[in-house]
Amino acid sequence: MLEFLKESTFKANDVIFRALDILKKHYFSIAGLCFILFVISQLATYFPAYFLESNLIAKVTLMLLSIVLFFGLQLVLIKRAILLSQGVEHSSLMRYIPSTKQFVNFLFGLVLCSLLTGIVTVVSGIICFPLIYLGLDKDFVTFEIVPVMTGIIVTVLLLRITFFPFFILEKNVNVFRAVKLSVAFTKGNFFKIVTLFFFLALTSIISFVLLNLSYGMIALFFTAIGIFLIVPLVSLAMAVAYTDMVEEYKGGDDPELFKNII
């Protein structure tokens, strides 16, 4: 077990260092996209307050524009990261822009993730319900056990399907096949992916803790690091991990979902 953890840590470190090397060479293009995404997300948060008196058409138009810009740029960022991880440093602009089919499949995938979270929450509640009759406090079961169980299961499931946008963009497949490919490709690589995300999430965790401890300026510093370093690094690290898994994968192009879950 110790040897397995060492191997997972080594491979996660290798992915991070390779992603850092790519980021040093192409920092402004990757960090610039991340910063634009951050600005759009902030504007989308504050805009509704300024359009309260506007008509319905203006509100719907603004909402659709925000969705297209935010998620469209996310796909551009992912595509840019994939190409850089594959050694393609320069390409035509149209190669980065997702097609309508890819964009719709990506949005549908996000909806699928939300539905999955809701289903897991309901199932966890049903599984834990008998604990109340075994003497455990109802509030403890409802607000402690069920959320923890839901969080663990959802995290595992989302990590297994987290690469579905990469397959939508790279293989031009629909969301269902992209999910099956992500589950198949992450089979046997789950702990490496967990280790990778743990290392990348450390700064965000530190920022959250400091913010809750009222160390505002220090938390702001770590938040800035997150926006300008960690988020770009995460994008590239995921692309590098995806490229490695593609090279190592020995299965078919249309794998069975349930066969690869465990």
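This is a predicted model: local features need pLDDT of at least 70, side-chain atom pairs count only at pLDDT 80 or more; totals for chains, interfaces and linings use all residues.
Figure 1. Let us begin with the residue from the opening question. Gln-102 has a relative accessible area of 9%, so it counts as buried, the cut-off being under 20%. Its side chain takes part in polar contacts with the backbone. A polar atom of the Gln-102 side chain lies 3.0 Å from the backbone nitrogen of Ser-99. The side chain of Gln-102 also reaches the backbone oxygen of Ile-168, at 3.4 Å. If residues up to four places away in sequence are not counted, Gln-102 touches Leu-75, Ile-168, Leu-169 and Asn-172.

**Figure 2. Asn-172, a residue with a positive phi.** Asn-172, one of the residues touched by Gln-102, sits in the loop between α8 (164-170) and α9. What is the phi of Asn-172 near? The value is near 55°, which is positive although the residue is not glycine. Most residues other than glycine have a negative phi. With 38% relative accessibility, Asn-172 counts as partly exposed.

**Figure 3. Helices α5 and α9 pack against each other.** Here we look at how two helices meet. Helix α5 covers residues 100-128, and it packs with α9 at an angle of about 65°. The axes of α5 and α9 are 9 Å apart, and the crossing of the two helices is right-handed. Which residues make the contact? On the α5 side they are Asn-105, Phe-108, Gly-109 and Leu-112, while α9 brings Val-175, Phe-176 and Val-179. Sorted by class, the contact of α5 with α9 has five nonpolar residues, two polar ones and no charged ones.

**Figure 4. Thr-186, a buried residue of α9.** Helix α9 spans residues 175-186, and Thr-186 lies in it. Is Thr-186 buried or exposed? Thr-186 is buried, because its relative accessible area is 0% and the cut-off is under 20%. The side chain of Thr-186 makes a polar contact with the side chain of Arg-160, at 2.8 Å. The Thr-186 side chain also reaches the backbone oxygen of Ser-182, at 2.7 Å. Setting aside neighbours within four places in sequence, Thr-186 is in contact with Leu-159, Arg-160, Phe-163, Ile-193 and Met-245.

Figure 5. Phe-199 has its place in helix α10, residues 190-212. How many residues apart in sequence are Phe-199 and Ala-12? They are 187 residues apart in sequence, yet 8.2 Å apart in space, from C-alpha to C-alpha. Phe-199 counts as partly exposed, at 29% relative accessibility.

**Figure 6. Two cysteines, Cys-34 and Cys-113.** Both residues in this view are buried: Cys-34 has a relative accessible area of 5%, and Cys-113 has 15% relative accessibility. How many disulfides does a search of the whole structure find? The search finds zero.

**Figure 7. The setting of these views.** Finally, a word about the chain around the close-ups. The chain has 11 helices and zero strands. Of its 262 residues, 36% are buried. Among contacts between residues at least 6 apart in sequence, 75% join residues at least 24 apart.

Definitions and conventions. Residues are numbered from 1 along each chain as its sequence is written. Side-chain values use heavy atoms; hydrogens and water are left out. Helices (H or I, at least four residues) and strands (E, at least two) are DSSP runs, numbered from the N terminus. Buried means under 20% relative accessible area, exposed over 50%, partly exposed in between (1.4 Å probe, protein chains only). A polar contact is a pair of N or O atoms within 3.5 Å; within protein, one must be able to donate a hydrogen and the other to accept it, and residues adjacent in sequence count only if both atoms are side-chain atoms. Contact means heavy atoms within 4.5 Å. Axes are lines fitted to C-alpha atoms, for helices over the stretch in contact, and angles run from 0 to 180 degrees between N-to-C directions. A crossing is left-handed if the near helix is turned anticlockwise from the far one by less than a right angle, and right-handed if clockwise. Ala, Val, Leu, Ile, Met, Phe, Trp, Tyr, Cys and Pro count as nonpolar, Asp, Glu, Lys and Arg as charged, and the others, Gly among them, as polar. A disulfide is a pair of cysteine sulfur atoms within 2.5 Å.
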